[in-house]
Amino acid sequence: MKHLRLLLTGIFTAVVILALAAFSPGKVSTKTLALVEHATSDTVTDTGDKGDSVGDILTFANKVYDADNKNIVANDSGYCMRTIVGLLWECNWTLATTDGFVMVEGPFYDAKDSELAIIGGTGIYADARGSMKLHARDAKGSEYDFVYEFVQ
């Protein structure tokens with residue numbers, strides 16, 4: 001009886017170890033897509049108090065260029081809602097490429113870099129997840145670096 005209990009305990013331990021090894025996440029890899037947005041269509045709709053106020057809406061549909069800022073490779077379209085005057089917008093938009101769409105959501109800061117969540121996609125981006133870093137290339141906010149980090 002003692003030997004049977006030891007044998008069953010050993011088998012149980014081996015099964016648990018194998019199960020944990022099979023279901024534990026392996027090395028996570030990332031794929032990077034670096035782009036440049038030309039913010040030519042950005043329009044703010046004043047919805048409340050005159051001027052910059054909570055609830056104002058920023059809408060856009062812009063051309064997006066390759067990392068060298070030479071060739072149009074995508075378009076984006078979306079909206080942001082002003083949540084903290086002079087500091088922060090909460091945004092949601094779609095990047096449209098010939099290979100599929102990538103959707104992002106998150107904060108857009110007025111005066112510092114932002115990081116938004118990749119919340120989904122279509123086409124080759126159907127299982128998209130990760131983050132997108134946004135950096136203003138100039139003080140006017142006419143061009144932005146978009147760096148998508150896809151977690152695989």
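This predicted model holds six aromatic pairs. One of them brings together Phe60 and Trp93. Their ring centres are 5.5 Å apart and their planes stand at 75 degrees, so the pair is edge-to-face. The cut-off for that class is over 60 degrees. Phe60 belongs to strand β3 and Trp93 to strand β5, so the contact ties together parts that are 33 residues apart in sequence. Phe60 has a relative accessibility of 10% and counts as buried. Trp93 counts as buried too, at 4%. The limit for buried is under 20%.

The pair belongs to a wider group. Ring pairs link Phe60, Trp93, Tyr125, Phe146, Tyr148 and Phe150 into a cluster. Another ring, that of Tyr109, has a charge over it: the charged end of Lys112 sits 4.5 Å from the ring centre.

A disulfide is a covalent bond between the sulfur atoms of two cysteines. The count here comes to one disulfide. It joins Cys80 to Cys91, with an S to S distance of 2.0 Å. The angle about the S-S bond is 110 degrees, and the link is right-handed. Cys80 lies in strand β4 (residues 72-84) and Cys91 in strand β5, so the bond ties together parts that are 11 residues apart in sequence. Cys80 is buried, with a relative accessible area of 2%. Cys91 is buried as well, at 1%.

Now turn to the empty space. Rolling a probe the size of a water molecule over the atoms shows where such space is left. The largest pocket has a volume of about 380 Å³. Its lining counts 24 residues, and the closest to the pocket centre are Phe108, Tyr109, Leu134, Gly141 and Tyr144. The elements that give two or more residues to this lining are β3 (57-65), β5 (88-97), β6 (100-109), β8 (130-136) and β9 (143-151). By class, the lining has 14 nonpolar, three polar and seven charged residues.

Strands β1 (30-38) and β9 each supply at least two lining residues. By class, this lining has seven nonpolar, one polar and three charged residues.

Definitions and conventions. Residues are numbered from 1 along each chain as its sequence is written. This is a predicted model: local features need pLDDT of at least 70, side-chain atom pairs count only at pLDDT 80 or more; totals for chains, interfaces and linings use all residues. Side-chain values use heavy atoms; hydrogens and water are left out. On a 1 Å grid over the protein atoms alone, a cavity is a set of points where a 1.4 Å probe fits but cannot get out, and a pocket is an open set with protein on both sides within 12 Å along at least five of seven lines; lining residues have an atom within 4 Å of a point. Grid points are joined across faces, edges and corners, and a volume is the space filled by probe spheres set on the points. Helices (H or I, at least four residues) and strands (E, at least two) are DSSP runs, numbered from the N terminus. Ala, Val, Leu, Ile, Met, Phe, Trp, Tyr, Cys and Pro count as nonpolar, Asp, Glu, Lys and Arg as charged, and the others, Gly among them, as polar. Rings of Phe, Tyr and Trp (its six-membered ring) pair if their centres lie within 6.5 Å; planes under 30 degrees apart count as stacked, over 60 as edge-to-face and the rest as tilted. Buried means under 20% relative accessible area, exposed over 50%, partly exposed in between (1.4 Å probe, protein chains only). A charge sits over a ring if NZ of Lys or CZ of Arg is within 6 Å of the ring centre and within 35 degrees of the ring normal. A disulfide is a pair of cysteine sulfur atoms within 2.5 Å.
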